[in-house]
Amino acid sequence: MSKPYAGMSLERYDWLVQRGSPSDLTEGEIGAGWHYCDHGWDGLLISPIDLEYKYCNCKNQEKYKKSPEYYERYEKAQEAMEKLAKLDEETGL
Ligand SMILES: [Zn+2]
């Protein structure tokens, strides 16, 4: 996972993942929907811009969820990227 996150540096994200401790999240991060997702992702740290959020079942996180269309677009973009990657492999580019 190496995508840039809204409102969080990759260093911060890596550090939080390593710590794995919800109490390390700042109020701002929590207010942006960041949480260690125990309902659907086995403690994975996610934010609403992540596709994983679509499958998050945490009760108090529901309000942070983006529209179904957002995640649908995300999924389609990901599929397209995978197709491109495959094409790259096949053509050796
Ligand atoms: Zn969750």
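Let's start at Glu89, which sits in helix α3. Keep in mind that this is a predicted model. Is Glu89 buried or exposed? Glu89 counts as exposed, because it has 9 C-beta neighbours inside 10 Å, and the cut-off for exposed is 12 or fewer. Now look across to Tyr36. Glu89 and Tyr36 are 53 residues apart along the chain. Their C-alpha atoms are separated by 35 Å.

Next, the helix itself. Helix α3 covers residues 68-91, which is 24 residues. How far apart are its end C-alpha atoms? They are 35 Å apart. At 1.5 Å a residue, the helix should span 34 Å, so the two values agree. And how many of the 24 residues in α3 are buried? The count is zero; α3 is hardly covered. Just after α3 comes Gly92, with a positive phi of about 70°.

Let's step back to the whole protein. There are three helices and two strands. What order do they come in from the N terminus? The elements run α-α-β-β-α. The C-alpha atoms fill a box of roughly 50 × 30 × 25 Å, taken along the principal axes. The protein has 93 residues, and 11% of them count as buried. On contacts, take the pairs at least 6 apart in sequence. Of those, 21% join residues at least 24 apart.

So much for the overview. On to the core. Which residues make up the largest nonpolar core? Six residues do: Trp34, Cys37, Leu45, Ile46, Tyr53 and Cys56. Pick out Ile46 on your screen. Set aside its neighbours within four places in sequence. Ile46 is then in contact with His35, Cys37, Trp41, Glu52, Tyr53 and Cys56.

Last stop, the loop between the strands. Strand β1 is 35-37, strand β2 is 44-46, and Asp42 lies in the loop between them. What is phi at Asp42? Phi is near 55°, a positive value in a residue other than glycine. Is Asp42 buried or exposed? Asp42 counts as exposed, because it has 8 C-beta neighbours inside 10 Å.

To recap, then. Asp42 is exposed in the loop between β1 and β2.

Definitions and conventions: Residues numbered from 1 in each chain as written. Predicted model: local features only at pLDDT ≥ 70, side-chain atom pairs only at ≥ 80, totals over all residues. Core = buried A, V, L, I, M, F, W, Y, C linked by C-beta atoms within 7 Å. Buried ≥ 20, exposed ≤ 12 C-beta atoms within 10 Å, placed from the backbone. Contact = placed C-beta atoms within 7 Å. Helix = DSSP H or I, 4+ residues; strand = E, 2+ residues; numbered from the N terminus. Expected span 1.5 Å × (residues − 1).
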